[in-house]
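Here is a short briefing for a first look at this model. Keep the structure open beside the text and find each element as it comes up.

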Amino acid sequence: NLEVDFSKSVTKIQPTMYGVFFEDINFAADGGLYAEMIKNRSFEFELPFMGWNEPNSDRHKLNEKSGIAKIIQYSQKGTNHNYCRITVNDANGYELLNEGFRGMGIKKDLHYNFSLKASKESGNISKIKIQFIDKNKKVLGETSIVPTSNNWTNYTAQLVATATEAKAQIKITFEGTGVIALDMISLFPEDTWKGRKNGLRSDLVQLLYDLKPGFLRFPGGCIVEGKTLAERYQWKKSVGNIEDREFLINRWNIEFAHKPTPDYFQSFGLGFFEYFQLSEDIGASPLPILSCGMACQFNTGELVPMDQLDPYVQDALDLIEFANGDVTTAWGKLRADMGHPKSFNLKFIGVGNEQWGPDYIERFKVFQKAIKAKYPNITIVSGTGPFPEGDYFDYGMKELKKLNTEIVDEHYYKSPEWFRKNATRYDNYDRKGPKIFAGEYAAQSVEIASPLNKNNWECAFSEAAFMTGMERNAEVVHLTSYAPLLAHVEGWQWTPDMIWFNNLESYGTPNYYVQKLFANNRGTDLINITKDGKAVTGQNDLFASAVKDTNSKEVILKIVNTSSASQNVAIDLKGGKLDSKGTALILKGEGLNDENSFESPKKISPKESEFKVKGSKVQYDFPAYSVTVLKIKMK
Ligand code: AHR
């Protein structure tokens with residue numbers, strides 16, 4: 001028997017309780033959310049022809065007889081270093097191919113916006129033909145551009161795909177002979193999120209939107225820190241004109257991945273303005289995390305000397321101005337010029353990711369002092385150390401408490417059993433200490449970051465059991481997010497991940513649907529749900545938390561049955577009158593190893609049904625291995 005008392009609010013549930021953690025890992029930004037289809041669009045990768053022409057050919061020699069493509073450096077300074085010079089010798093034409101991000105996904109009848117910058121240098125290249133082709137070189141849509149100017153000029157054209165194809169390429173053919181310079185060759189589908197030109201992939205944003213996330217953390221993760229300080233994420237380089245945003249090698253361009261991704265770079269087409277805009281679009285509070293002057297401690301751990309920390313601190317202050325400052329401020333004006341005169345209403349800022357030890361505390365203090373002096377109402381999120389156990393964590397917590405730190409970011413990548421056993425983790429946390437941001441967590445079916453990890457049902461329901469513990473402790477736990485968020489099936493470095501995609505489709509894992517159930521049923525106030533006067537934390541393999549929603553006037557129970565047998569439970573609800581029927585949302589798999597897939601994307605997804613409420617009593621049969629949300633209207 002379980003007892004629920006909805007007469008009293010134990011504490012408020014924060015609007016930020018369930019959010020999303022975005023990092024450009026697994027092709028999440030370039031090749032994923034950012035809908036650009038051309039890889040290496042301005043020839044700025046370390047190998048400037050990477051992505052261009054056939055991967056196995058000698059790129060410089062392809063169709064050598066008819067012409068040649070050469071990289072020209074404008075300058076090593078500035079942000080745009082290279083362009084491509086095409087010399088066409090043969091009137092039969094010269095071809096340039098781009099392979100996209102593991103191919104290009106094109107959909108029949110959909111329109112695609114093509115653009116490039118060109119400057120005719122000599123001779124007369126009279127036409128540039130742009131075609132989608134499949135692996136047999138069959139044309140699947142085409143358009144053309146007539147270059148006219150000897151100065152750099154933008155040209156645009158639209159293609160319509162004549163077939164759906166996951167592995168298309170773009171072929172660019174030059175007619176006439178002569179020399180022409182090209183840069184910023186770009187291609188976007190027309191069906192981006194909200195129809196924004198050159199925007200984000202709508203199916204992926206839709207999945208995020210459907211979660212109703214309370215916050216969006218960006219841009220990572222380790223990517224914030226960089227392998228070296230020079231390779232850290234610098235938000236100022238990610239705003240302003242797209243073509244002036246300097247390419248940077250991705251932190252996840254790593255050799256030891258299950259498949260190395262030497263072609264993983266950041267174009268910053270999805271930069272800080274776009275992250276803020278995305279947060280607003282999906283109703284999430286923006287939560288940017290910045291470098292604290294320490295490179296990733298899993299890599300070089302390079303440290304900025306204390307007397308050179310100022311520019312890092314200034315970046316944090318300027319970011320707050322960029323997000324919230326009015327148009328009379330320098331950074332607020334840039335935001336307005338980029339199309340958003342209104343403030344982005346930034347409330348949180350994170351200092352460092354997974355950084356630890358005295359080096360972190362020393363730097364954190366400087367940030368804290370400067371940010372609070374100028375922006376006392378901004379809440380600062382700090383890190384504690386690699387993970388939630390061990391000396392680094394204990395040291396960090398102790399020091400951060402002394403500094404009256406507001407929020408501490410804890411990460412846990414652990415086994416499913418760990419998640420079930422740790423549903424009581426926050427029961428004894430100091431109510432007067434820092435609030436908790438469970439910023440990255442995911443059950444690992446094999447072991448941390450093993451390429452063999454699966455997004456299986458056991459992992460998902462074990463996370464749900466743990467989440468009931470976080471919800472029961474909403475007094476200290478203020479923000480939570482699963483990680484990583486997105487993964488391209490042919491471009492990933494890390495498993496498990498919440499949403500998988502290829503170039504055409506995407507699906508939510510069972511872990512996604514657990515997040516969705518909790519976030520969509522967040523409620524406004526925590527209420528007590530007990531068994532024999534105690535919290536339900538695994539007795540008889542049952543885990544439970546309960547909230548009420550004072551807006552929708554509902555009592556909402558979240559019950560996780562981690563037993564291999566169904567359990568029939570009597571629930572007694574005290575606190576007022578209730579409707580005579582309720583709505584159940586039931587999430588369950590067919591076994592511990594069950595998963596969703598492109599073929600069965602919603603195999604494990606919530607199924608809705610009704611149940612009876614007799615006065616204050618509910619009798620409910622919770623299926624084996626299930627996560628159930630029961631909702632009852634208060635009268
Ligand atoms: O989520 C993947 C990585 O795990 C993040 O970049 C990092 O913060 C953590 O170690």
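**Lead**

Helix 1 (residues 202-210) lies across strand 21, strand 22 and strand 23, and runs at about 15° to strand 23. Those three strands make an open sheet in the order 21-22-23, with mixed pairing. The model is a predicted one. The points below start with this sheet and then take up the other parts by topic.

- Strand 21 (486-488) and strand 23 (506-508) are the edge strands, and each pairs on one side only.
- From one strand to the next, the twist averages 20°.
- Three bridges link strand 21 to strand 22 (residues 499-501), in the parallel sense.
- Across that pairing, H488 stands opposite F501 in strand 22.

- Eight strands build an open sheet with parallel pairing, in the order 3-12-15-16-17-18-19-20.
- Which strands stand at the edges? They are strand 3 (20-21) and strand 20 (477-482); each has a single partner strand, so one side of each is left without a neighbour in the sheet.
- Inside this order, strand 17 (residues 379-383) and strand 18 (residues 407-414) pair in the parallel sense over three bridges.
- V381 stands opposite I407 in strand 18.
- In general, strands of a sheet pair through backbone hydrogen bonds, either parallel or antiparallel.

**Helix 4 and its neighbours**

- Helix 4 (residues 310-324) lies across strand 15 (285-290) and strand 16 (348-351). Its direction is at about 160° to strand 15.
- Helix 4 also packs with a helix: its axis and that of helix 6 (residues 357-374) come within 10 Å and cross at roughly 35°.
- The crossing of helix 4 and helix 6 is right-handed.
- On the helix 4 side, the contact uses V313, A316 and L317. On the helix 6 side, V366, F367, A370, I371 and K374 meet them.
- By class, this contact has seven nonpolar residues, one charged residue and no polar ones.

**Strand 11 and its partners**

- Strand 11 (residues 165-189) pairs with strand 5 (residues 82-88) in the antiparallel sense, over five bridges. Here R85 has A181 as its bridge partner in strand 11.
- Strand 6 (residues 94-98) runs antiparallel to strand 11 and is joined to it by five bridges. E95 is partnered by T173 in strand 11.
- Strand 7 (residues 104-106) pairs with strand 11 over two bridges, again antiparallel. The bridge partner of I106 in strand 11 is E165.
- Between strand 8 (residues 111-133) and strand 11 there are 19 bridges, in the antiparallel sense.

**Around the ligand**

- Which residues are around the ligand? They are E23, I25, G220, G221, C222, N353, E354, H411, E440, A483, P484 and W494.
- This shell divides into five nonpolar, four polar and three charged residues.
- H411 is one of the residues around the ligand, and strand 18 covers residues 407-414.

- Most residues other than glycine have a negative phi, and most peptide bonds are trans.
- F218 and P219 are joined by a cis peptide bond, with omega about 0°. P219 lies in the loop between strand 12 (215-218) and helix 2 (222-225).
- A cis peptide bond also joins A483 and P484, where omega is about -15°. The loop between strand 20 and strand 21 holds P484, and both A483 and P484 are among the residues around the ligand.
- K194 is not a glycine, yet has a positive phi of about 60°. K194 sits in the loop between strand 11 and helix 1.

**The C-terminal part**

- An unreviewed UniProt entry places the feature "domain: Alpha-L-arabinofuranosidase C-terminal" at residues 439-626.
- The end C-alpha atoms of residues 439-626 lie 25 Å apart, and the span is 14% helix and 41% strand.
- Strand 29 (residues 578-588) and strand 32 (residues 626-634) run antiparallel, joined by eight bridges. K588 stands opposite S626 in strand 32.
- Strand 29 also runs antiparallel to strand 30 (residues 607-612), with six bridges between them. In that pairing, I586 stands opposite K607 in strand 30.

Definitions and conventions:
Residues are numbered from 1 along each chain as its sequence is written. This is a predicted model: local features need pLDDT of at least 70, side-chain atom pairs count only at pLDDT 80 or more; totals for chains, interfaces and linings use all residues. Two strands pair if DSSP finds at least two bridges between them. Helices (H or I, at least four residues) and strands (E, at least two) are DSSP runs, numbered from the N terminus. Two residues are in contact if their C-beta atoms, placed from the backbone, lie within 7 Å. Axes are lines fitted to C-alpha atoms, for helices over the stretch in contact, and angles run from 0 to 180 degrees between N-to-C directions. A crossing is left-handed if the near helix is turned anticlockwise from the far one by less than a right angle, and right-handed if clockwise. Ala, Val, Leu, Ile, Met, Phe, Trp, Tyr, Cys and Pro count as nonpolar, Asp, Glu, Lys and Arg as charged, and the others, Gly among them, as polar. A residue is near a molecule or strand if its C-beta atom, placed from the backbone, lies within 6 Å of it. UniProt positions are given in the numbering used here, feature names are shortened, and annotations may be inferred rather than shown by experiment.
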